[in-house]
Structure formats: C-alpha cells, structure tokens
Amino acid sequence: MSSPYIHQFIPTLHFPLLDRVQEYRSALKRWVEGNLTACARSIFIFDEMERMPPGVTDVLVPFLGPSHVMFRTNYRKAIYIFISTAGQEVINKLVLETRQAGKEREDIQLRDLDASLAQAVFNTKNSGFFQSRIISEKLVTCLVPFLPLSRRHVNRCTRRELCQRGECHRRDIVEAVESSLAYTPEDGQFFSNTGCKMIPAKVNFFL
C-alpha cells in the first residue's frame, strides 16, 4: 500500500457530497489518466462502494471497456478493485440456506452467486453501483463474495492473534472472545456479525 502506484479512494473522504458528482467524475478521470500515464500497471482501490455517490465510477467505463490502447497508453494493464457490502443479503441468504441444508460453507461455488449478486449490486439504491454501466455492460472481470464467518473462523482468528502475542495457550481468552461477539441468525447463532474485525480489540480487553 505504500507504493506510489497503488491508489485508494474512500467515498466519505474523496467523494462526500451527492451534489458534486460531475465534479468528482472529472477529477477521477483526470486522476486515473494521469496515473496510468505514469504507470500502466497501477492499482486503483475503491473502498466502501455502498457509500459512493451513484454515477461517479461510471467515468471509468472507457478504461474497463474493450479498447486496449487510448492516448498511446494500454489501460487494460491496470487493476481496479471495488469493495462493497452491497449484495450482502443475497450472500447471507445463500450461506444460511446451505447451512440449513446440512452442507458446509465451503461447498458454495462462485457460480451459485454470480448472477444474483451482480443483479443485487446493480439494484442497490444509494450505492456507487446503482444502475451502473460497469455492471450492466459486464465490465467487472470477477465478483468475489466474502462469505460470513462462523464461530470456527472466529476461534482461528483469536488463536492467531494470541499466538502473535506469545499467548497461544490461552484457551480461556478464545472462549471469552467467542462468547462476547454477536451472531446471526437469532435462532441459530451461526455467523459472526462483525467477522474477525473486533478480534484484536477483544483480545486486548480480555488479556
């Protein structure tokens, strides 16, 4: 992330106002063109796409489309990563149905989610991908769903965190952290609401 050729955009910081979409589009286009001229293999990370004003990232369509060379620069060498919680309802529903069917989370295949996830992302209002040409023109190479984490995963995260601190033997801390987190659904308590995000803070608290 310290590389000058990796660029991260956070909507609440870089694109906070809904009434300045055109200004943001122009600035983003200039920024991407300038950085691709400097390095054709740049990486652009768009975090929290669910907070992005709709329409801003559509300015990227020419860079993601079939034209490989524009202004003597091969734009198709760059990597664009869009991170979003949009579509999480689709993911959670399938994971829960899989669990209730007696199957494992790992049995889920990408093809089980691909089409429905793209549709959900496209139709999520007030999201950067709402009615986006990037989705409708199928310019995303791959959708990578992040599945909810189970108690087993929480325990692994906790043990790893403890071992990094030289406390691998503290089974009591593992159990305390697991018990302190919230899980869904209410009648099953299968999946952690916050994944492993809170593990370091929880370990600090119980140690």
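T98 sits in helix 4 (residues 88-100), where helices (H or I, at least four residues) and strands (E, at least two) are DSSP runs, numbered from the N terminus. T98 is buried because its relative accessible area is 10%; buried means under 20% relative accessible area, exposed over 50%, and partly exposed in between (1.4 Å probe, protein chains only). This is a predicted model, in which local features need pLDDT of at least 70 and side-chain atom pairs count only at pLDDT 80 or more, while totals for chains, interfaces and linings use all residues. Residues are numbered from 1 along each chain as its sequence is written, and side-chain values use heavy atoms, with hydrogens and water left out.

**Around T98**
- Setting aside neighbours within four places in sequence, T98 is in contact (heavy atoms within 4.5 Å) with K103, E104 and I108.

- Let's turn to an open sheet of 3 strands, which has the order 1-2-5 and parallel pairing; two strands pair if DSSP finds at least two bridges between them.
- Strand 1 (6-9) and strand 5 are the edge strands, each pairing on one side only.
- From one strand to the next, the twist averages 15°; axes are lines fitted to C-alpha atoms, for helices over the stretch in contact, and angles run from 0 to 180 degrees between N-to-C directions.
- Strand 1 and strand 2 run parallel and are joined by 4 bridges, and F9 has F46 in strand 2 as its bridge partner.
- Strand 2 (residues 43-46) and strand 5 also run parallel, with 4 bridges joining them; here I45 has I81 of strand 5 as its bridge partner.

**The helix across the sheet**
- Helix 2 (residues 21-38) lies across strand 1, strand 2 and strand 5, and runs at about 150° to strand 2.

**A closer look at strand 5**
- In a regular strand the side chains alternate between the two faces of the sheet.

**Meeting I79**
- I79 is a residue of strand 5 and counts as partly exposed because its relative accessibility is 43%.
- Apart from neighbours within four places in sequence, I79 is in contact with S42, I43 and F44.
- I79 and I6 are 73 residues apart along the chain, and their C-alpha atoms are separated by 9.5 Å.
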